[in-house]
Amino acid sequence: MGTIVEVRCIKTNQSVIVKINDTGGFGKYGRVVDLSEEAAKRIGITYENGVEPVEIYVKHNMRF
């Protein structure tokens with residue numbers, strides 16, 4: 001929690017910087033990260049396609 005990551009959509013090659021603010025629970029669905037609607041839009045993921053392959057790069061780890 002609190003880690004800053006860059007999420008890059010493989011399909012669009014667009015990226016967005018986000019802060020991890022919860023642990024999700026979506027791993028059981030084979031997903032790695034759940035983006036806000038705004039963050040998803042910024043990298044070209046829309047409601048219609050919903051799930052896309054992404055790459056995640058840690059930018060800053062806020063763990064104590």
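This is a short tour of a predicted model, going from its strands to its core and then to its pockets.

Before selecting anything, note that residues are numbered from 1 along each chain as its sequence is written, and that side-chain values use heavy atoms, with hydrogens and water left out. Because the model is predicted, local features need pLDDT of at least 70 and side-chain atom pairs count only at pLDDT 80 or more, while totals for chains, interfaces and linings use all residues.

Select strand S1, residues 4-9. Helices (H or I, at least four residues) and strands (E, at least two) are DSSP runs, numbered from the N terminus. Five of the six residues of S1 are buried, so the strand is largely enclosed by the rest of the structure; buried means under 20% relative accessible area, exposed over 50%, and partly exposed in between, with a 1.4 Å probe and protein chains only.

Arg 8 stands opposite Ser 15 in S2. Five residues lie between the strands of this hairpin, and Asn 13 takes a positive phi near 60 degrees.

Val 58 in S3 is the bridge partner of Val 5.

**Core**

Select Val 5, Val 7, Cys 9, Val 16, Val 18, Leu 35, Ala 39, Ala 40, Ile 43 and Ile 45: these ten residues form the largest nonpolar core. Such a core is a set of buried Ala, Val, Leu, Ile, Met, Phe, Trp, Tyr and Cys residues joined through side-chain atoms within 4.5 Å.

Centre on Ile 45. Leaving aside neighbours within four places in sequence, Ile 45 is in contact (heavy atoms within 4.5 Å) with Cys 9, Ala 40, Gly 50, Glu 52 and Val 54.

**Pockets**

A pocket is an open set of points on a 1 Å grid over the protein atoms alone, where a 1.4 Å probe fits, with protein on both sides within 12 Å along at least five of seven lines; lining residues have an atom within 4 Å of a point. Grid points are joined across faces, edges and corners, and a volume is the space filled by probe spheres set on the points.

The largest pocket holds about 450 Å³ of space. Of its 18 lining residues, select Asp 34, Leu 35, Ile 45, Gly 50 and Val 51, the closest to its centre. Helix H1 (residues 37-42) gives the largest share of the lining, three residues.

Finally, select Lys 19, Ile 20, Asn 21, Val 33 and Asp 34, which lie nearest the centre of the second largest pocket, lined by 14 residues. Its volume is about 280 Å³.

Notes:
Pairing = 2+ DSSP bridges.
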